[in-house]
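Let's take a walk through this fold together. Have the sequence and the picture at hand.

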Amino acid sequence: MPLPPLATPAIALQADAADWREAVRAAGNALTVSGATKPEYSERMIGVIEEFGAYVVIAPGLALAHARPGPDVLAEGLSVVTLANPVPFGHPHNDPVSVVLGLAVTSAEEHVASVAELANVFNDEAIIGRIAEAQTPAAVRALLGYEADA
């Protein structure tokens, strides 16, 4: 299964975030700008972290923000936000986070498959640093194995 769609407008580089909530909102805003979600999806992603903790920090420096499928998800999509200044999410080993992925899916099956595909990409831990330092959305897309532009 391919990775979820990553539209160029869903990539925000060197975003400012004062804390993890603002970082997740930036990832949610990128999903909304790309047409994948409604704005309220960001708050649902934050609610998941408030309820279950910082398990979304899946590798050193990397968070995968997401929520269950719902009426605020318009289409499957991925967003990538790099942070100008890394922020802690409260994870005991993988803080601070410099790259936040936002994931939106329309079914539970897509959710599991998308997370599995993303996990494969990030088996190479060096890719997190390269994404964090990327200067263009095209560079981020190339690092994740997407075609030139969407």
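This is a predicted model: local features need pLDDT of at least 70, side-chain atom pairs count only at pLDDT 80 or more; totals for chains, interfaces and linings use all residues.

Residues are numbered from 1 along each chain as its sequence is written, and side-chain values use heavy atoms, with hydrogens and water left out.

Start with the open sheet: 5 strands in the order β1-β4-β5-β3-β2, with mixed pairing. Strands here are DSSP runs of E, at least two residues, and helices are runs of H or I, at least four, numbered from the N terminus; two strands pair if DSSP finds at least two bridges between them. β1 (11-15) and β2 (57-59) each have a single partner strand, so one side of each has no neighbour in the sheet. Further in, β4 (residues 77-87) and β5 (residues 97-104) run antiparallel, joined by 7 bridges. One of these links Gly77 to Ala104 in β5.

Touching, or contact, means heavy atoms within 4.5 Å.

Finally, look for Ser79 in strand β4. Is Ser79 buried or exposed? Its relative accessible area is 0%, so Ser79 is buried (under 20%; exposed is over 50%, partly exposed in between, with a 1.4 Å probe and protein chains only). Leaving aside neighbours within four places in sequence, Ser79 is in contact with residues including Leu6, Ala27 and Val100. A polar atom of the Ser79 side chain lies 2.9 Å from the backbone oxygen of Ala27.

Key:
A polar contact is a pair of N or O atoms within 3.5 Å; within protein, one must be able to donate a hydrogen and the other to accept it, and residues adjacent in sequence count only if both atoms are side-chain atoms.
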